[in-house]
Amino acid sequence: MKDSREKILALIRETPIPLIALRDSILAMNIIDIGDIFDDLEKEQTIQVFRMLPKDIAANVFAHINPDKQQIIVEALTAAEAGSIVSDLFMDDAVDFIEEMPANVVTKVLSNVTPERRATINQLLQYPEDSIGSIMTTEFMAFGEDLTVLEAFDQMRKTRVHGLHTCYVVRRDKMLIGYISLKTLLLAKQHQRLGDLTRRQVIFAGTQDDQEVAAALFRKYDLLSLPIVDSENRLVGIITVDDMVEIVEEEATEDFEKMAGIMPMDDDPYLKTGVFKQSLQRIGWLLILMFAAIFAEMVLENFEDAMAILPALIPFIPMLMDTGGNAGVQTSSLIIRSMALDEISSKDLFKAWWKEIRVALLCGVGLSIANAIRVMIFGPRNALLTLVISITLLAVVFLAKTMGCLLPMAAKKFKIDPAVMAAPIIKTLLDVVSLFMYFSIARLILPGL
């Protein structure tokens with residue numbers, strides 16, 4: 001594929017462009033790979049190459065071109081041509097395109113599609129962001145239960161649908177009854193009634209459900225498509241597995257950004273996101289955490305006399321803070337992942353906490369012993385100081401594991417994204433608490449503080 005891409009780009013750079021050779025090379029590629037080529041084209045090249053595409057594949061390629069290049073193409077087309085392209089897109093791809101475009105482009109496109117299609121697009125755009133209704137397609141195969149297999153195949157030939165591997169069976173009022181696989185239809189006798197072939201243990205979701213619900217159903221039941229029903233249980237759309245892969249990637253990216261202290265803003269690739277926009281994404285959490293660190297400064301100021309009397313306390317501060325932060329992040333990462341995979345839920349809070357308590361005790365004891373040996377060999381060889389550090393280390397690890405477990409699960413309980421309670425928040429909190437515990441324990445044990 002890489003060789004084909006380089007060959008096409010080389011042909012485009014020639015003057016004049018060998019149009020026939022270029023067209024043949026492009027049409028020999030997969031549709032998705034053709035869409036990727038537009039990432040490397042200048043504005044005029046983008047328009048020229050798209051106009052070379054045959055009408056029967058232009059819409060399919062258009063769906064796989066990034067939004068910036070889509071806008072360039074639509075602005076170069078006539079209103080009728082742009083409307084034709086959008087009319088040929090599957091409904092979910094059309095909605096994705098409309099959501100990304102500025103108002104003038106949307107007006108140009110929607111003015112040249114049929115009223116029925118425009119109404120459907122507007123309906124899908126009204127669903128809340130990240131809801132299942134906003135990502136479903138309304139182009140699917142649904143049959144009445146009284147149809148025969150022969151009549152079903154006749155209807156298939158006349159209808160353009162998404163995800164033909166599964167057909168859904170509905171009553172006259174569009175209420176979902178069940179589904180039939182394409183394999184079952186192919187092996188059935190022509191006169192058989194669809195209602196007799198229907199599998200009624202159907203998995204479905206609602207239009208208002210969060211898209212993470214759909215992702216969990218796809219993962220749990222190994223689905224290729226998922227029927228979507230409205231509040232009255234009428235079949236209104238489906239989600240196919242190819243769309244769900246994109247949703248899972250988006251959700252994972254969003255969670256990763258939150259766990260890294262980056263505010264999600266858009267889906268632009270790293271190298272195509274401007275420096276200013278990148279700065280806006282990052283500076284918010286950095287400001288919050290910077291001001292939160294003031295509490296650590298307050299703790300140090302409060303125990304300034306202890307540090308002056310026994311300067312040997314100071315070198316161990318970074319080790320205690322880092323160990324606590326790392327221990328908390330370990331636990332929070334595992335808890336967030338387990339919740340995302342539906343391995344645990346809020347009702348398992350005490351089970352998870354009890355497990356983390358035992359892990360914390362084992363890890364804390366192990367780290368304390370190892371650190372005590374290190375301090376006695378390479379450190380000040382002060383038995384009481386070593387005891388202070390060891391006790392603090394055990395307490396910090398215990399607290400870190402507890403916070404790493406309870407904070408994400410509590411966030412989930414109160415409808416907050418658990419990813420927010422990840423590395424930046426937990427580490428900052430633990431820095432403050434670790435310092436306070438360290439000097440408090442030192443004052444209790446060491447004489448003269």
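Predicted model: local features only at pLDDT ≥ 70, side-chain atom pairs only at ≥ 80, totals over all residues.

Biologist: Where is Thr 137, and why is it called buried?

Modeller: Thr 137 lies in the loop between helix H10 (115–125) and strand E1 (142–144). Helices (H or I, at least four residues) and strands (E, at least two) are DSSP runs, numbered from the N terminus. A residue is buried under 20% relative accessible area, exposed over 50%, and partly exposed in between, with a 1.4 Å probe and protein chains only. Thr 137 has a relative accessible area of 0%, and is therefore buried.

Biologist: What makes the approach of Thr 137 to Glu 139 a polar contact?

Modeller: A polar atom of the Thr 137 side chain lies 3.3 Å from the backbone nitrogen of Glu 139. A polar contact is a pair of N or O atoms within 3.5 Å; within protein, one must be able to donate a hydrogen and the other to accept it, and residues adjacent in sequence count only if both atoms are side-chain atoms. Another case is Ser 111, whose side chain reaches the backbone oxygen of Lys 108 at 2.9 Å. Ser 111 belongs to the loop between helix H9 (103–110) and H10.

Biologist: Why is the pair Arg 51 and Glu 81 called a salt bridge?

Modeller: The rule asks for a side-chain nitrogen of Lys or Arg within 4 Å of a carboxyl oxygen of Asp or Glu. For Arg 51 and Glu 81 the closest N and O atoms are 3.7 Å apart, so the pair meets the rule. The pair links distant parts of the chain, with Arg 51 in helix H4 (residues 43–52) and Glu 81 in helix H7 (residues 79–88), 30 residues apart. By this rule the count comes to 12 salt bridges.

Biologist: Are Arg 234 and Asp 230, which also form a salt bridge, buried or partly exposed?

Modeller: Their closest N and O atoms are 2.9 Å apart. Arg 234 has a relative accessible area of 33%, so it is partly exposed, whereas Asp 230, at 18%, is buried. Elsewhere, salt bridges that share partners join Glu 145, Asp 146, Arg 193 and Asp 196 into one network. Within it, Arg 193 and Asp 146 meet at 3.1 Å, N to O.

Biologist: What makes a group of residues a nonpolar core, and which members touch the most others in the largest one?

Modeller: A nonpolar core is a set of buried Ala, Val, Leu, Ile, Met, Phe, Trp, Tyr and Cys residues joined through side-chain atoms within 4.5 Å. The largest core has 56 residues, of which Phe 38, Phe 50, Leu 53, Phe 97 and Ile 239 touch the most other members. A second, separate core of 22 residues includes Ala 296, Met 321, Leu 385 and Val 432. In soluble globular proteins, nonpolar side chains tend to be buried together.

Biologist: Which residues form the nonpolar patch on the surface, and how do you know that Met 290 and Leu 287 are partly exposed?

Modeller: Phe 276, Leu 280, Ile 283, Leu 287, Met 290, Phe 291, Ile 294, Phe 295 and Met 298 form the patch, with about 910 Å² of accessible area together. Accessible areas come from the Shrake-Rupley method with a 1.4 Å probe; for residues, only the protein chains shown count as cover. Patches are made of residues with over 30% relative accessible area and no salt bridge: like charges are joined within 9 Å, nonpolar side chains (Val, Leu, Ile, Met, Phe, Trp, Tyr) within 5 Å. The elements giving two or more residues to the patch are helix H16 (275–292) and helix H17 (294–302), and the largest share, 6 residues, comes from H16. Met 290 has a relative accessible area of 47% and is therefore partly exposed; Leu 287, at 39%, is likewise partly exposed.

Conventions
Residues numbered from 1 in each chain as written. Heavy atoms only, no water.
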